[in-house]
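Work through the exercises below with the model open. Each task is followed by a solution in steps.

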Amino acid sequence: MSTFSAKLIRWQKLHGRNNLPWQNTRDPYAIWVSEIMLQQTQVTTVIPYYLRFLQRFPNIGSLAAGTVDEVLALWSGLGYYSRGRNLHRAARLIAEDQEGIFPRDLEVIQQLPGVGRSTAAAIAVFAYGERSAILDGNVKRVFARCFGVDGYPGERKNEILLWRKAEELLPEKSEKSRIEIYTQALMDLGATVCTRGKPKCMACPLQQDCIALRDDRVDRLPAPRPHRPLPEKETILLMLMKQGKVLLGKRPATGIWGGLWCLPEMPVSEDAIAYCTRHFGMTVEPLAHMPPLDHTFTHFRLRIHPRPLQVVSYPAAIKTPWQDEAMWITLDDALKAAIPAPVRKLILRHGHPQSGQLPFEKQL
Ligand code: SF4
C-alpha cells in the first residue's frame, strides 16, 4: 500500500466520520441517494433531507412509483432541483430497463441521469467495494494543495492531471477491502481538515508531504475559477394574494426552476396591474412595496422584483400562458411545497403567518 493511502486510512479510522446515516450499508440505492444529495451540499444540511427521503422512498420501486412532485417537495430547500428530477427519472429507468435492480457496472451507473464519473465511482466503492477513483470538489482541493497543482482545477488539462493522480494513488488491489476507508478518508479530509478557508494543516495526516504547506501556498491553492462576469437579468414575480392565499403556478419541466411551484413571472417592461387584467382577467390593488431580491444561478444573476398585489376580483378558473397548473395556497402550505429558494425567501421575509400579521396583505 502506498504511504499516501496508508496515512489516510490510518487517519480515517481514528478521526473520520463513521456513523453517517448512509454509512454501514451496502444498499446501492441508499448510497446513491446520499451521493446525489451530497453534491454541492454539506453533510449537516443533507442529513434531515436524506432521512425524510428514505422514509418516504425506501427503495427504487417506491421512488419509481412516486411522482416528481413528491420528490421535489421533499427536496424543497435543498437546492439544485435537477438532482431530484434526475433521481426520479433514473429510478424509473432502472425500474423499466433493469427490473428495479440498481446496476453494478461502473459504466452503466455513470449513464444514469445526474450521475457523473466521481459519483458513479463513489457508489461503486461503497456499495460493491470496487477499486475506483473519486474526484469531487473537495478531493480536487486536497490534491491541488498536496501536489502543488497550479491553475484552476476545473480546467481540462488540470482535471486530466488530477484524475491521473487519483487513479495512481488508489490503494493496491490486494488492499481492496480498504478502498471504502480510503475513499471515505479523502471525503472526510476535504470536508473537515483541508477545508476551503482555514485548513487545519497541523491536524492533517498529509502535512509532511504537502507541497502547498511546504511552499506556504495553502491560501493560493487551488486557484479560483477565472473571473467571468455573469450576465444579469431582471424579472417580476407577482405575489397575488386572495383571502390569505397566494397564487402559485407550476413551471414547465425544463428551464430554471423546472417543475417547481412558483410565483407568476412577468416581464419588467410591463405594468403589473395592467398585466394581471390583460392576462388573467383580474382586478388587483397594490400592497406594501417589497425590495428586490438577487439570486445567482450558475450562468447568470437574476434580480427579482416582487410585486405584492391584492386580488379584488378574479375569474373562476385561473388560466395563464406560463403554466399548465395553478393553485391558491396558504403561505404555510406554500412553504411545504416544492418551491424555489427565492420564492421561499420572499414568503418568509414578507408574509409567513408565524411571524405575525401579513405585512403585505390588507385584512379581508
Ligand atoms: S497540509 Fe494543509 S493544505 Fe496540505 S493537504 Fe493537509 S490540510 Fe490540506
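**Exercise 1.** How much area do domain 1 and domain 2 bury between them, and what percentage of it is on carbon and sulfur atoms?

Solution. The model is a predicted one. Start with the bounds: domain 1 covers 3-220, and domain 2 covers 232-355. Between them, the two domains bury about 690 Å², with 47% of that area on carbon and sulfur atoms. On the domain 1 side, the residues that lose the most area to domain 2 are Asp-69, Tyr-81 and Arg-85; together they make up 54% of what that side buries.

**Exercise 2.** Find the salt bridge between domain 1 and domain 2.

Solution. The count between the two domains is one. Next, look at Asp-69, one of the residues named in Exercise 1. Asp-69 pairs with Lys-250 in a salt bridge, and their closest N and O atoms are 3.1 Å apart.

**Exercise 3.** Which residues surround the ligand, and how do they divide by class?

Solution. First locate the ligand: the space it takes is the largest cavity. Then list its surroundings: Arg-145, Val-193, Cys-194, Cys-201, Cys-204, Gln-207, Cys-210, Leu-213 and Val-218. Sorted by class, this shell has seven nonpolar residues, one polar and one charged.

Technical notes. Residues numbered from 1 in each chain as written. Predicted model: local features only at pLDDT ≥ 70, side-chain atom pairs only at ≥ 80, totals over all residues. Heavy atoms only, no water. Near = heavy atom within 4 Å. 1 Å grid on protein atoms, 1.4 Å probe; cavity = no way out; pocket = protein on both sides within 12 Å on 5 of 7 lines; lining within 4 Å. Sits in = over half its atoms within 2 Å of the grid points. Nonpolar A, V, L, I, M, F, W, Y, C, P; charged D, E, K, R; others polar. Domains from an automatic or database assignment. Buried area = accessible area lost by both parts, 1.4 Å probe. Salt bridge = Lys/Arg side-chain N within 4 Å of Asp/Glu carboxyl O.
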